[in-house]
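Dear colleague,

A summary of the findings follows it.

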Amino acid sequence: MADILVILPVIFPIITGFALFFRPVSEDRHIYVGIMTFTNMLLTFLAVILASDELIILWRITRDLSIAFRFDFPARAFSVLVAFIWPLVTLYAFEYLKRRPPVDRFYAFFLSTFGILIGVSSAGNLLTLYLFYELMTFMTLPLVMHSQSREAIRGTIKYLFYSLFGAAMALGGFCFFKVYGVSMEFTPGGVLDIAKITAEKNEEMILTVTFLTLIGFGAKAGLVPLHAWLPTAHPIAPTPASAVLSGLITKAGIISMFRVTYYVVGADFLRGTWVQTAILSIAMFTIFTGSMMAFIEKHLKRRIAWSTVSQVSYVVFAMMLLNADGIIGAVIQIAAHAMTKSCLFLAAGVVIYFTMEGANYHYADQLRGVGKELPITMTCFALASISLIGLPITGGFTAKWFMASGALSLGNFGMAGIIILMISALLTAGYLLPIVTDSFFPGNDFDYSSVPNIRLSWNMKIPLLMLSIGALITGLFAGTLINFVNTKIIAVLL
């Protein structure tokens, strides 16, 4: 039973997703997709609650290589997040995609990606992680290319190039870790054969391999220098795809980096090395660059995409502090950002979906009065914005508080990181709050009589409300999450 509980949330949506290609096009597709998505959400929750943390081998390739899964505590935490957000975005897609066919192909790959993300989070060894990491790239390509416009095809090719280049770097790391590891299974503290590495005087080589592997997996997280695909691909994809690409797919890169850092190489091996300093420096540079580019960008979805470049690197920064406060900050930031950024993209999608005559809602500086037309949407946008900025009581504030606390242990270098976090928060306020104020307070010259009565469908309202409230809950009830991280993750890793 435990074997089935671990594997079923991975394979069930993949099978049911591809089954859409063999079903005749019919009006009941939404019922089918909704039932399959909801069922997999329940299967994931059952696995999180009931499955043991034993390694489950699905297929043994050789004596040392296998496709295996394990629902350890990091896997449970990320799987819950995916299972919460995915059905909400699917519900939103039912309305949004009515104007953007073909929908059967989209739902087939969208549903399959649900299972692949669970596979990434519950991978029991580096081979399984790499396999599902690659599968995720190919499953999300049709989502990015959905419109099949020339711009979409160019963006998809760019996304493919960066993803494959990063994956190739990660594959090189896999080969070295296979030779210098005592096991291929993810093990808290790492699997490196330190005696062998020391005897052969290969410490620098392993550090270099680790650095390149982290950069490779960082491509999905939008880490400089493999970040350029993100502000290109996210805006051209349909809004439901943009939401999960930004909110969850980028976190697959984070999960992969986390596994390499704490379960393959080990924090003790990296602490105080040039690799830690280099990744922290790159993360800080990415945080600043993403925030600055978002600040000057006028296109609404591209601005939110550049924001993702910045905000996801907060997690990289926190994770590479290699201390307890850093891990707590990283976990809270993953949860808060996933809900916040999904909400922002869905809200932007609603605004674009209901574009009024004579208006161009694709651009952030042309949204005067939108809050009068779409009050629920822009209220949710405002709540998500204050979390992203990091104002008190939100999950974003709690995450950044622990990041700053963890950075203090690094002395002057850590202080530089804190300054970057503060500058980024100011820039975030600069590129999000004007949208909110202009939408709700358009000025005395605004023609209020021209505001149309827009009836927002319930399957668009519910995801926006739940995601924006979720971003606040991660801050209001952060104590529960902190206790979980302290007892179930930090106690094992540090």
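Which residues are linked with Asp-64 in a network of salt bridges? In this predicted model, the network joins Asp-64 to Arg-63 and Lys-178.

The structure holds eight salt bridges. Another of them joins Arg-259 and Asp-72, at 2.7 Å from N to O. Arg-259 lies in helix H10 (residues 239-265) and Asp-72 in the loop between S2 and H3, 187 residues apart. Arg-259 is buried, with 1% relative accessibility, and Asp-72 is buried at 13%.

Turning to the helices, H14 (residues 324-353) and H16 (residues 375-389) pack at an angle of about 150°, their axes being 9 Å apart. The crossing of H14 past H16 is left-handed. By class, eleven nonpolar, five polar and one charged residues make up this contact. Phe-381 is one of the H16 residues that take part in the contact.

Phe-381 is also among the residues that touch the most other members of the largest nonpolar core, which has 185 residues. Helix H14 gives the most to this core, with 18 residues. Tyr-107 is another of the core residues that touch the most other members; its contacts include Leu-20, Val-33 and Phe-94.

Yours sincerely

How values were computed: Residues are numbered from 1 along each chain as its sequence is written. This is a predicted model: local features need pLDDT of at least 70, side-chain atom pairs count only at pLDDT 80 or more; totals for chains, interfaces and linings use all residues. Side-chain values use heavy atoms; hydrogens and water are left out. Axes are lines fitted to C-alpha atoms, for helices over the stretch in contact, and angles run from 0 to 180 degrees between N-to-C directions. Helices (H or I, at least four residues) and strands (E, at least two) are DSSP runs, numbered from the N terminus. A crossing is left-handed if the near helix is turned anticlockwise from the far one by less than a right angle, and right-handed if clockwise. Contact means heavy atoms within 4.5 Å. Ala, Val, Leu, Ile, Met, Phe, Trp, Tyr, Cys and Pro count as nonpolar, Asp, Glu, Lys and Arg as charged, and the others, Gly among them, as polar. A nonpolar core is a set of buried Ala, Val, Leu, Ile, Met, Phe, Trp, Tyr and Cys residues joined through side-chain atoms within 4.5 Å. Buried means under 20% relative accessible area, exposed over 50%, partly exposed in between (1.4 Å probe, protein chains only). A salt bridge is a side-chain nitrogen of Lys or Arg within 4 Å of a carboxyl oxygen of Asp or Glu. Lists of a residue's contacts leave out its neighbours within four places in sequence.
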